[in-house]
Amino acid sequence: MPRDDGLLAVRAAEGDEEAFEQLVRRHAPGLLRLATRLLGSRTEAEDAVQDSFVSAWRKVPEFRRDAQFGTWMHRIVTNRCLNVLRARRPALDLGEVPEPQAPEHEASPARVAESHAAVEDLGRAMEGLSPEQRVCWVLRELNGLPYDTIAETVGISPEAVRGRVFRARRHLTEAMAAWR
């Protein structure tokens, strides 16, 4: 797929709207998941991804062919989300993100209450992270990206990514100690 992405990006840079539309269809679901995890709001995430694709369409002629289109879009979406997070005061409580419903046979009232409490505590713990730590942690722990890709996406060194992820893990481990 990355090879196809490169060809589609070249065609899009030449003004081919259908090629860009294919790239959008291909990458939008993953980018929306990323933005939702970073922002904690599906509505804000949709806006961020849409704005990112509009920006990418304008800048696709500047796209460096030595990078993958997906990595380039991750960087654009991540930067857009960072701007939203930095502008936000106070940070959005992750408890507002709807929790997936458990199947009826597994959802006892006590288990549901415990799950909600854990999500609320995690939301409060995530508020203690800087936007930069949060982005690195989400990209690593929830998206499973390697440190080098995160570094390229965020625009810092892999060592800086490791440091931010380490500090985020330490903070979250301390904040969630009661749940162990």
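User: In which helix do glutamate 21 and arginine 25 lie, and how many residues apart are they?

Analyst: The model is a predicted one. In it, glutamate 21 and arginine 25 are both part of helix H2, where a spacing of four residues corresponds to about one turn of the helix. Their side chains form a salt bridge, with the closest N and O atoms 2.8 Å apart.

User: Are glutamate 21 and arginine 25 buried, partly exposed or exposed?

Analyst: Burial is judged from relative accessible area, and a residue counts as exposed when the value is over 50%. Glutamate 21 has a relative accessible area of 45% and is therefore partly exposed. Arginine 25, at 52% relative accessibility, counts as exposed.

User: Which side chain meets that of glutamate 46 in a salt bridge?

Analyst: The partner of glutamate 46 is arginine 42, at 3.1 Å from N to O. Both residues belong to helix H3, and they are four residues apart, about one turn of the helix. Glutamate 46 is partly exposed, its relative accessible area being 38%.

User: How many salt bridges does the structure hold, and which parts does the pair of aspartate 5 and arginine 26 tie together?

Analyst: The structure holds seven salt bridges. One of them joins the side chains of aspartate 5 and arginine 26, with an N to O distance of 2.6 Å. Aspartate 5 lies in helix H1 and arginine 26 in helix H2, so this pair links parts that are 21 residues apart in sequence. Aspartate 5 counts as buried, at 4% relative accessibility, whereas arginine 26 is partly exposed at 30%.

User: How should I read the nonpolar core, and which of its residues touch the most other members?

Analyst: In soluble globular proteins, nonpolar side chains tend to be buried together. Here the largest nonpolar core has 45 residues, and Phe69, Trp72 and Met73 touch the most other members. Among the elements that give two or more residues to this core are helix H1 (2-13), helix H2 (17-39), helix H4 (69-87) and helix H8 (158-175). The largest share, nine residues, comes from H2.

User: Which residues does phenylalanine 69 touch, not counting residues up to four places away in sequence?

Analyst: Phenylalanine 69 touches Asp5, Ala9, Phe20, Leu23, His27 and Phe63. Asp5 is also the residue whose side chain meets that of arginine 26 in a salt bridge.

User: How is the packing of two helices described, and at what angle do H2 and H4 pack?

Analyst: Two packed helices are described by the angle between their axes and the distance between the axes. For H2 and H4 the angle is about 40°, and the axes are 10 Å apart. The two helices are therefore oblique to each other, and H2 passes H4 in a right-handed crossing. The residues that meet include Phe20, Leu23, His27 and Leu31 in H2 and Phe69, Gly70, Met73 and His74 in H4.

User: Is alanine 48 buried or exposed, and which residues is it in contact with beyond its neighbours within four places in sequence?

Analyst: Alanine 48 lies in helix H3. Its relative accessible area is 3%, so alanine 48 is buried. Leaving aside the neighbours within four places in sequence, alanine 48 is in contact with Leu39, Arg80 and Cys81. Of these, Leu39 in H2 and Cys81 in H4 are also among the residues at which those two helices meet. The C-alpha atoms of alanine 48 and alanine 35 are separated by 7.1 Å, although the two residues are 13 residues apart along the chain.

How values were computed:
Residues are numbered from 1 along each chain as its sequence is written. This is a predicted model: local features need pLDDT of at least 70, side-chain atom pairs count only at pLDDT 80 or more; totals for chains, interfaces and linings use all residues. Side-chain values use heavy atoms; hydrogens and water are left out. A nonpolar core is a set of buried Ala, Val, Leu, Ile, Met, Phe, Trp, Tyr and Cys residues joined through side-chain atoms within 4.5 Å. Buried means under 20% relative accessible area, exposed over 50%, partly exposed in between (1.4 Å probe, protein chains only). Contact means heavy atoms within 4.5 Å. A salt bridge is a side-chain nitrogen of Lys or Arg within 4 Å of a carboxyl oxygen of Asp or Glu. Axes are lines fitted to C-alpha atoms, for helices over the stretch in contact, and angles run from 0 to 180 degrees between N-to-C directions. Angles under 35 degrees count as roughly parallel, over 145 as roughly antiparallel, 65 to 115 as roughly perpendicular and the rest as oblique. A crossing is left-handed if the near helix is turned anticlockwise from the far one by less than a right angle, and right-handed if clockwise.
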